[in-house]
Amino acid sequence: MARILEDLSRTFSEYLLIPRLTRRQHVMRNVSLVTPIAKHKVGETSRLNLNIPVVSASMQAVSGPDMGIALARQGGIAYVFCSQSIESQAAMIAKIKSHKAGFVRSDSNVRPSATLQELLDMMKKTGHSTVPVTADGSSTGQFMGIITDKDFWEFEDDLASQVQGYMTPREKVIHGLVGITLKEANHLLYKHKKEALPILEADGRLNSLVFKKDYVDHINNPLELLDSRKRLVAAAGVNTHDYQERVPALVEAGVDVISFDSSDGFSEFQRDAALWAREQYGDGLVIGGGNVVSAEGFRYLVEEAKLDFVKVGIGGGSICITREQKGIGRGQASALMEVVEERNRYAKEKGVYIPICSDGGLANDTQLIIAMAMGADFVMMGRYFAMTDESPTPKISIKGRIYKPYWGEGSNRARNWQRYVDDKSATGLHFEEGVDGYVPVVGSVNEVLQVTLEKLRATMNNLGSNTLTEFTQNAVLTLVSEQSIEEGGTSNIIQVDSKFDDDK
């Protein structure tokens with residue numbers, strides 16, 4: 001006979017927070033949103049933290065390289081989608097890692113004998129205005145000099161002329177040697193008022209470049225999430241089918257975090273894949289997975305699969321219809337609270353803290369706040385980021401308003417049917433677990449995140465908290481009725497931005 005749980009399957013919208021004492025130190029400038037993403041011993045620091053508790057979902061319509069760059073610069077990460085070729089996904093990870101780095105390997109180089117036309121073609125193709133000149137034209141060749149778009153005039157100079165006649169030769173180029181710190185390199189850029197600083201090996205070969213614009217970007221994005229080499233942290237979704245080929249390619253491209261992407265991760269398939277990845281890469285790679293909605297599922301993935309973090313949520317996404325199609329899932333609030341309770345019990349038993357990601361079920365900023373109060377270490381969102389300028393889908397106009405396409409990874413459009421069938425000779429998806437639609441464009445990742453995070457910081461102050469740990473510890477939640485939800489909105493007024501109907 002089936003076992004029936006006594007508690008209701010509840011959602012975030014059914015709860016409100018009760019304010020706690022706000023002391024003088026509880027102001028938004030003192031709030032830290034740093035949160036762990038890798039398991040660690042209780043009382044110790046995680047080997048990788050997020051600077052904001054927000055990540056984007058591994059979806060075709062959400063997380064491409066532009067999202068990865070934009071979100072890492074804000075302090076979070078984007079899980080580049082795995083429903084594509086291994087080569088394509090690895091290239092996206094490489095693009096994120098190369099976008100922002102203290103020491104950048106040069107991917108645009110010319111020989112001294114190259115023509116200005118060849119140089120110009122390269123500049124137009126790559127968008128780079130500063131190009132190192134090496135003896136063999138490679139990124140690690142003997143450094144001969146440097147040339148910029150200011151060293152020649154496209155419409156006045158003879159484009160058949162050789163680069164060596166226009167470049168600044170090595171002896172006149174301000175440069176650094178391998179071993180110099182990023183701070184020292186930036187000081188040289190400032191001292192000599194340069195845009196780029198070549199870093200050379202002891203034998204004169206080119207090693208890397210340091211750019212002024214990267215320093216400026218860092219000042220403008222103080223929470224950006226960087227690895228030990230000052231590159232943006234990059235993450236990727238992976239599956240349990242081709243992981244033995246996909247994960248090595250992603251690691252080679254520089255990925256820092258992987259997460260197994262499945263609507264139901266409580267399986268031996270995910271355990272086997274996670275254990276393989278752990279055996280291959282140890283703790284050098286942060287490995288997450290899911291999704292689960294129960295304490296039993298959490299324990300399995302932590303103890304059997306040895307995951308760093310666990311994602312919670314089945315069927316709560318805005319375009320997910322798993323609950324409708326298969327009858328499995330749980331209200332996101334109920335699922336999260338049970339898993340958090342089990343996580344805390346596990347921490348007491350084993351002395352190891354496992355971060356939890358609440359994935360789905362977030363219709364607005366308030367529900368994100370409730371999820372964090374309930375004990376999530378970070379949240380994963382799809383629709384929220386699909387609406388931004390940096391999502392990979394094109395903008396379209398519908399009745400005068402700008403939208404972007406948005407579809408689930410379980411939809412026919414995602415062409416990701418391998419996740420749902422075992423027969424590799426199958427030709428398509430027999431049923432869908434996601435829908436296909438449109439979402440309105442709301443602006444850049446930076447713009448929408450600033451509003452959301454300010455709301456979170458303000459609420460933390462209301463609960464007498466300056467850290468997310470304090471926030472969860474101080475949280476007191478109350479269930480709400482339909483009437484209290486209605487009472488919490490506006491009533492009996494005409495808002496100033498409303499349009500009056502002259503016929504009424």
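I take a pocket to be an open set of points on a 1 Å grid over the protein atoms alone, where a 1.4 Å probe fits, with protein on both sides within 12 Å along at least five of seven lines; lining residues have an atom within 4 Å of a point.

I note that this is a predicted model, in which local features need pLDDT of at least 70 and side-chain atom pairs count only at pLDDT 80 or more, while totals for chains, interfaces and linings use all residues. Residues are numbered from 1 along each chain as its sequence is written, and side-chain values use heavy atoms, without hydrogens and water.

Entry on the pocket. I looked up which residues lie nearest the centre of the largest pocket: they are Val104, Thr130, Leu209, Phe211 and Lys213, among 42 lining residues. Two or more lining residues come from each of α2 (86-99), β8 (143-148), β11 (196-200), β12 (206-211), α5 (212-220) and α6 (243-253). Helices (H or I, at least four residues) and strands (E, at least two) are DSSP runs, numbered from the N terminus. Helix α2 gives the most to this lining, with five residues.

Entry on the sheet. I found an open sheet of three strands in the order β7-β8-β9, with antiparallel pairing; strands pair if DSSP finds at least two bridges between them. The edge strands, β7 (130-134) and β9 (168-169), each pair on one side only. I recorded two bridges between β8 and β9, and Gly145 stands opposite Pro169 in β9.
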